[in-house]
Amino acid sequence: MAAPSSFDEIKETTGLQFERLKGRLFEILLICSTLVGILSLLVLFVYITVDALGLLAASPTWYLIYFATLVAPTAAFTLYARRNPAAGTANAKSFAAVFGGLVIGLVVYALFDALNPYDVLIYFVFGAVPPLAVAVYGRRFGNETRTGPAIPVSILAGIAVAAVAYGPLRPIVGIAARWIAFLILVTLPVAALGGVLATRRWSLQRGLLVAGLVLGGALATVGGSLGAGIDPSLGVVMFSLLVVPTGYVIGETVATESRGRIGLLGPFVIIGGTLLGAFIERQLGVSGLEGYLSPTLLLNSWDGLTASNAGVYPQIVGSIIIVGFMSLMTFPIGVGAAVYLEEYAPETGLRGRLATLLEVNISNLAGVPSVVYGLLGLALFRNALGFGPGLVVAAAGTLGLLILPIVVVSAQEALRSVPESLRQASYGMGASRWQTLREVVFPEAVPGILTGTILALGRAIGETAPLVIIGVATTTYSPPDGVFAGATALPLQIFAAAGNAKPEYRTGVVAAAAIVLLGLMLTMNAIAIVVRNRYERGT
């Protein structure tokens with residue numbers, strides 16, 4: 001009887017060792033494949049960077065100059081910040097305020113300038129005042145159960161009224177100077193936000209003081225620009241979105257984090273090193289970079305004959321408007337569908353079976369190839385609705401259909417991850433379903449919802465096949481001036497440049513435009529990640 005037992009023990013031990021060996025081999029294979037993928041991406045990025053910046057054209061003296069003025073000081077400061085946690089935290093805030101404010105300010109100005117600030121102002125006022133009035137009414141009379149769902153309805157109603165009243169209002173609004181429109185669109189919300197934050201942190205008097213300082217600084221910028229004969233519009237935007245956040249971060253850190261004050265110098269070390277290196281380079285006459293990632297590429301229109309004059313400014317603005325309008329259409333619909341399926345849809349009966357069928361179809365649609373959505377957009381927007389080729393609304397709608405299943409599925413998973421005990425505790429305290437959804441479920445689910453949104457936006461911004469199917473032009477020479485205007489996207493221009501007969505287009509211009517596209521994607525993802533992390537810390 002002992003022999004079979006020993007045989008079984010040996011067999012069991014051998015099986016366990018074999019399973020461990022398989023697990024170890026799988027782990028090694030996974031690590032190797034990950035390393036191969038990372039190395040491949042690094043090699044690809046190196047090739048793109050060399051082609052885009054023209055690194056091989058710079059002389060050794062140029063590299064020595066920028067190593068001494070930029071690389072070495074930045075590396076030393078970064079090493080110090082990593083060893084000093086307080087300085088590292090201040091450094092991260094300073095980088096976010098300076099470079100984030102710079103990028104957001106330029107993007108906001110470009111969008112408003114392309115769409116016409118007067119048009120944006122009309123829709124902004126009619127779209128913002130009704131929900132603010134509804135929210136104030138709910139706070140004043142304590143009737144937030146009904147006013148909460150009424151806010152999105154009031155926004156849609158306000159936009160509809162703006163569309164009806166646009167004709168009579170547009171000539172009246174157009175009398176004002178352009179900088180007044182930017183002041184209302186950008187500076188007033190920033191001043192209001194700063195006043196609210198200061199009121200919550202200190203007192204109402206300080207909140208009013210902060211709001212007044214923001215408005216006063218913007219008006220001082222306007223006065224200085226007008227005195228110099230310059231249009232103040234860009235100055236107003238950059239003061240509101242760059243100077244104000246940077247000043248807030250610097251003031252808060254100096255007042256509350258004495259040990260981390262040195263960390264505020266991080267972005268200024270980079271900016272100062274770059275400017276100093278450029279000055280020395282010009283004084284010595286050193287040959288530098290000869291790449292295509294330059295202000296010309298970012299600010300000019302397309303030139304298909306001379307690569308050094310090629311610009312993708314209309315394509316950048318077109319991509320931002322298309323993706324932005326797509327997000328405005330898709331995110332509320334996707335999250336609303338997920339909320340209904342998870343929180344309101346019955347589990348039994350005919351409606352329950354229909355909800356189950358809908359969930360299965362949504363999950364399947366998430367894996368459909370993008371070219372199929374291009375055919376769907378062609379049938380819906382071109383054939384059924386009669387829209388012309390290449391319109392922003394058609395491109396945004398087609399890409400919205402593409403990412404809608406991803407948004408719905410990710411939002412459903414985020415809502416499912418909220419423990420049921422939290423809902424029951426809220427109901428037990430007398431909260432309604434909407435109050436529970438708003439105060440308990442959404443704060444817990446927002447990080448997961450935004451994670452899915454990040455993945456969806458990353459897929460949408462690089463798509464070309466659906467846009468080609470619906471007839472979006474590969475090249476335009478002016479940015480779109482509305483959602484019913486023609487536009488193109490940066491991936492389509494990259495696709496067109498890759499087929500140019502001249503090799504400098506196929507290498508340098510394509511690589512530079514790809515870096516710009518990557519920068520757009522990273523900027524949008526960074527904003528979503530910041531919001532997600534803020535909710536994660538809050539919960």
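**Salt bridges, core and cavity**

Arg423 is buried, at 7% relative accessible area (buried is under 20%, exposed over 50%, partly exposed in between; 1.4 Å probe, protein chains only). The model is predicted; local features need pLDDT of at least 70, side-chain atom pairs count only at pLDDT 80 or more, and totals for chains, interfaces and linings use all residues. Residues are numbered from 1 along each chain as its sequence is written, and side-chain values use heavy atoms, without hydrogens and water.

Arg423 forms a salt bridge with Glu420, with the closest N and O atoms 3.5 Å apart (a side-chain nitrogen of Lys or Arg within 4 Å of a carboxyl oxygen of Asp or Glu). Glu420 is partly exposed, at 44%. Salt bridges that share partners join Glu342, Glu359, Glu413 and Arg416 into one network. Within it, Arg416 and Glu342 meet at 2.8 Å, N to O. The count comes to 11 salt bridges.

The largest nonpolar core has 73 residues (buried Ala, Val, Leu, Ile, Met, Phe, Trp, Tyr and Cys joined through side-chain atoms within 4.5 Å). Phe112, Trp302 and Leu490 are among those with the most contacts inside it. A second, separate core of 11 residues includes Val335 and Ala411.

One cavity of 30 Å³ or more is present (on a 1 Å grid over the protein atoms alone, points where a 1.4 Å probe fits but cannot get out; lining residues have an atom within 4 Å of a point). Grid points are joined across faces, edges and corners, and volume is the space filled by probe spheres set on the points. The largest cavity has a volume of about 40 Å³. Its lining includes Ser319, Glu463 and Leu467.

How values were computed:
On a 1 Å grid over the protein atoms alone, a cavity is a set of points where a 1.4 Å probe fits but cannot get out, and a pocket is an open set with protein on both sides within 12 Å along at least five of seven lines; lining residues have an atom within 4 Å of a point.
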